[in-house]
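Dear colleague,

I am handing over the structure discussed in our group, with the findings set out below it. Please look through it before reading on.

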Amino acid sequence: MISFIIVHYKTYEYTKQAIQSILNTVKTYEFEVIVVDNASKDGSLGLLERDYHNEKDAKLIQFIESPINGGFSYGNNCGYRIAQGEYIVLINSDAELTGDVVDNAIDYLEKNPEVGAVTARLINQYGELDQACKRGFPNPKSALVYYLKLGRLFPKFKKFNTYKLNHLDEHVRHRVEAISGAFMVIPRRVIEQTGFFDETFFMYGEDLDLCYRIHEAGFYIEYNPQLGDVIHYKGQSGKRLKFKTTYEFYRAMLIFYDKHYKERYPLWVNIAVRCAVYMLFIVKLTVGQILTLFKR
């Protein structure tokens, strides 16, 4: 059985599209859909329950209404606690499945037990690759190279693309360090070893952290475009929380660094990393404010 977990926050049309894509594409396996509403309080949960009342009555879809918006990690953990499936499929509310992508993913994991998590080719609505679906871990060196934009200047040079992995052909299967939580298929037996999401991460970084722990448990993580495509209409929930999302993006950097890298580096590197993250946050906010003024 497959358990789909969708965290919903004020994205009625997109969440409906995500649910419908599951119902339309999963053909081989028994499945359940768990929709966790992160305290939207805009009536959208009621609309979804109305739209899918038959599936709700048939126990095919469950809706959970959280009294608080505890973030993406929190929402997924709420869903996981009641999930019954041998495979957990994380799908963003702003993602849409195409073809047999999920059936193909389960078939692949069944034949490759050493793989702890797999994703498909994630594309935006224009058919362009969502680079977050194949990444390396953002250690100090790879992060520095990324923010210096050296990967853009030398897209095929491996040493300058250790974070976004631009040098890897997007149409070829690769073992990578991290994939995106927008669409991720994980066997339950793996999660039982690694634990699920760390709720210290409100949004952003939680998928990197989970991937890190999957590697530590001895499993591989794979980007596999042969499974098919998933369309990701990126950042729909975050559009409503601009300051919050910016803050959480940079906060997640520090959480991930402190959790996995802080003890490996000398004090001066730790201080430099924190200063760099604070500076990036301030610059991002300042630029955002200037652009807002010009739009008025």
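Axes here are lines fitted to C-alpha atoms, for helices over the stretch in contact, and the angle between two axes runs from 0 to 180 degrees between N-to-C directions. Please note that this is a predicted model.

**Helices α9 and α10**

Two packed helices are described by the angle between their axes and the distance between the axes. For helix α9 (residues 206-216) and helix α10 (residues 242-260), the axes come within 10 Å and cross at roughly 20°. Angles under 35 degrees count as roughly parallel, and α9 is therefore roughly parallel to α10. The crossing of α9 and α10 is right-handed. On the α9 side, the contact is made by L208, D209, Y212 and R213, and on the α10 side by F256, K259 and H260. By type, the residues of this contact divide into three nonpolar, one polar and three charged.

Helix α9 is mostly covered, with nine of its 11 residues buried. These buried residues are E206, D207, L208, D209, L210, C211, Y212, R213 and I214. They pack against α4, β6 (115-119), β9 (183-187), α8, β10 (220-223) and α10. Just after α9, G218 takes a positive phi of about 95°.

**Helix α4**

Helix α4 (residues 72-82) is likewise mostly covered, nine of its 11 residues being buried. The buried residues are F72, S73, Y74, G75, N76, N77, C78, G79 and Y80. Their packing partners are β1 (2-8), β2 (31-37), β3 (61-65), β4 (87-91), α8 (188-194) and α9.

Accordingly, seven of the seven residues of β1 are buried. Strands β1 and β2 run parallel and are joined by seven bridges. F4, for example, has V33 as its bridge partner in β2.

Most residues other than glycine have a negative phi, and most peptide bonds are trans. K10 is found in the loop between β1 and α1 (12-25), whereas A39 lies in the loop between β2 and α2. K10 counts as partly exposed because its relative accessibility is 24%. A39 has 14% relative accessibility and therefore counts as buried.

S40 is also placed in the loop between β2 and α2 (44-51). With a relative accessibility of 3%, S40 counts as buried. Which residues does S40 touch, not counting those up to four places away in sequence? They are H8, Y9 and K10. S40 and H8 are 32 residues apart in sequence, and their C-alpha atoms are 7.7 Å apart in space.

**Helices α1 and α2**

The axes of α1 and α2 come within 10 Å and cross at roughly 30°. The angle makes α1 roughly parallel to α2, and the crossing of α1 and α2 is right-handed. Y12, T15, K16 and I19 of α1 make the contact with S44, L47, L48, R50 and D51 of α2. The residues of this contact divide into four nonpolar, two polar and three charged.

**The three-stranded sheet**

Three strands form an open sheet with mixed pairing, in the order β5-β11-β7. At the edges stand β5 (95-97) and β7 (121-123); each has a single partner strand, so one side of each is left without a neighbour in the sheet. Neighbouring strands of this sheet are turned by 30° against each other on average, direction ignored. Strand β11 (residues 229-232) runs antiparallel to β5, and three bridges join the two. Within this pairing, A95 has H232 of β11 as its bridge partner.

With kind regards

Methods: Residues numbered from 1 in each chain as written. Predicted model: local features only at pLDDT ≥ 70, side-chain atom pairs only at ≥ 80, totals over all residues. Heavy atoms only, no water. Helix = DSSP H or I, 4+ residues; strand = E, 2+ residues; numbered from the N terminus. Parallel < 35°, antiparallel > 145°, perpendicular 65-115°, else oblique. Left-handed = near helix turned anticlockwise from the far one by under 90°. Contact = heavy atoms within 4.5 Å. Nonpolar A, V, L, I, M, F, W, Y, C, P; charged D, E, K, R; others polar. Pairing = 2+ DSSP bridges. Buried < 20%, exposed > 50% of the residue type's maximum accessible area, 1.4 Å probe, protein only.
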